[in-house]
Structure formats: structure tokens, C-alpha cells
Amino acid sequence: MAVENVSVVFKLYCLTVMTLVAATYTVALRYTRTISSGDLYFSTTAVCITEVIKLILSLGMLAKETGSLSRLKNAIEEHVFFSPRELLKLSVPSVVYAIQNNMAFIALSNLDAAVYQVTYQLKIPCTALCTVLMLNRSLSWLQWFSVFMLCGGVTLVQWKPVEATKVQIAQNPFLGFVAIAIAVLCSGFAGVYFEKVLKSSDTSLWVRNIQMYLSGIVVTLIGVYLNDGDNVLEKGFFFGYTPWVCFVVFLASVGGLYTSVVVKYTDNIMKGFSAAAAIVLSTVASVILFGLKITITFSSGALLVCISIYLYGLPKQDTSKVVREDTDRESKQKLITV
């Protein structure tokens, strides 16, 4: 995908926001699940509210895109009310994303934010594999090398889990890793599936988002009922909510939408730097807030992950020109010989 020609200042702005959102979300979520005082909120309700806010924001963006309420109404009627097949098609990533978001809460309840941020980069090889299988794309040898390097880095990080001295609640690192593994698989599949749906027609991105978030609200409400139904009826839907919890919901809602909009103004290298910077910021915040003890294996693994992200994002070398030049040179040489 071509990157539009915009100013360096705007690209830096996009990079800064993407980095801060990624780092702040994991640290804030970890804080609300482990250290924040008060009653613990129901994570399933937070995921559900996030879908509702995303739907409202997408409706607002579609209204801006269409330019009038009448065209907005026509677009919603055509693509939502009269397109049950499309809604069913977008319900697939809705279910997968709902599972992914709930797994993030489980993972950050059992793993430090820095460990989560590093391990979650396994979404890159998972997305790469789904891209090869579902979109019939190919990866360069450097990208495959970076995938194996990333897996090695994550292995080092998980080899001996780091300790957070200020977290007093019981944690299960193995459960946290399993939750991340599921979230990574969900992220890779849902992202590539959604990309395939987007590129299969000229339907607006915001229309597709609305279709997906409508299904997402239904799916997450079912999740609330199955997991916390009795407790929600007894204590209320917003039980345990604090300003920090609302901040987490806000970041989860705006972050995904904002990233999907600004990636067209950045390239893979900038996104790689953003992910690496988010790892560094999450580590610093974890040391300050949670008393994280940095180990040699964690540092080595995090460094390998950062390098692999950068290598994976490097543009593929176009060898066609080189081959063409060699062919032309050989042809000229033959003519000269003759």
C-alpha cells in the first residue's frame, strides 16, 4: 500500500500517538487489574462498552464521509438493514476480536505489561502466516529470518518470567502466556480476514466497521451473560468502574480506530519503530509503577524482538530491475560479439 506524501511533522505525530496509545493501554490495564484500589470490575463489560463506543465513533465518521443525514441513513439502510449476508460475513472477525480483547484482560492480570508487550509481538509471525495462506502473498527471506528471530526473543523473555515486587495479588504466568497465545492467533486471523473483506469490494471502511461492531456488541453481550451474568445482575453493569477503568476503555476504543486511520500515512518501518518504542515505554513504566526487576534474558529477548520488528518492516528489494538490466547487458554483449 502506497504511503501518501505528507509532512514529516505529521508522520512524527502519527508515530507518537500510536506509540503512546499502545504503551499506555497495556500499562493502564495492568494497573486496573493488579494495583488499583477498590472493587475489581468485570472485564467482559469493559470489552462490551468498548464495542459500543467504537460503533458510535464509526457512525460519526461515516456521517462526516457521507456529508448529510439523508445519505447517512441511505448508507446504513443499504449496508446494514438490507445486507444480512454482509453482517454475517463480518460476524466472523467480531467473534474473534471479542475473544482477543477478553484474552488481553486475562493476560495482563497475570503478566507484567512489559512482558505482555514483548510477547504480543508474536502477532507478526501469526499475521505473516495468515497472509501467506489466506491472501496468497509471499515473504522475503529477510522477513522469514526476522520471524524466527522474533520467536527466539519471545522465548528468552518467557524463559524465566520477571517479577513485579509491587503486585501483591496471586498471578499465573502460564495462564497469562496461554491467553497471549490465543490473543495472537485471533489477532493474526481476524486482521487478515478483515483486510480480505475490505479489498473484496469498494464498501467504505466505516461501513465495514459498523457492520463488525454491531455483531461485536451482540457477541460481547453474550460473553457478559455467560461469564458474569449473575454478578452483573446483582452488582450492576458498571460495578467497580473508576476513572482509570474508563480511561482504559477510552484507549481501547479510540486506539484501534485511530491506528486504522493513520497507518496509511506511515510505512512498515515507522510502525516497527512504534512497536519497539512502546516496548521500551512499557518497560520503564513497569519498573516505576510495578517494581519490575529487569533480567538479562528479558533484556536480550526484548532487544531481539525490537530488531526483528525493524527487519520485518524493511521494504522488499525489487529484483526485477536488476534482472532486466543484466538481461539487457547480456544482449548488448552478444550483439557486440556478433
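**View 1. Glu195 and Arg137 form a salt bridge, with their closest N and O atoms 2.6 Å apart.** A salt bridge here is a side-chain nitrogen of Lys or Arg within 4 Å of a carboxyl oxygen of Asp or Glu. Glu195 lies in helix H8 (residues 173–199) and Arg137 in the loop between helix H6 (123–135) and helix H7 (141–159), so the pair ties together parts 58 residues apart in sequence. Helices are DSSP runs (H or I, at least four residues), numbered from the N terminus. Glu195 is partly exposed at 22% relative accessibility; Arg137 is partly exposed at 36%. Partly exposed lies between buried (under 20% relative accessible area) and exposed (over 50%), with a 1.4 Å probe and protein chains only.

The model is predicted: local features need pLDDT of at least 70, side-chain atom pairs count only at pLDDT 80 or more, and totals for chains, interfaces and linings use all residues. Residues are numbered from 1 along each chain as its sequence is written, and side-chain values use heavy atoms, leaving out hydrogens and water.

**View 2. Salt bridges link Glu86, Lys89 and Arg208 in a network.** Arg208 meets Glu86 at 2.6 Å, N to O. Arg208 lies in helix H9 and Glu86 in helix H4, so this pair ties together parts 122 residues apart in sequence. Arg208 is buried, at 3% relative accessibility. Lys89 meets Glu86 at 3.4 Å, N to O. These two sit three residues apart in helix H4 (residues 84–110), about one helical turn. Lys89 is partly exposed at 28%.

**View 3. Helix H9 (residues 205–235) has a kink of about 90 degrees centred on Asp228.** The bend is the angle between axes fitted to the seven residues ending at a residue and the seven starting there. Just after H9, Gly236 takes a positive phi of about 105 degrees.

Note on methods. The expected span of a helix is 1.5 Å times one less than its number of residues.
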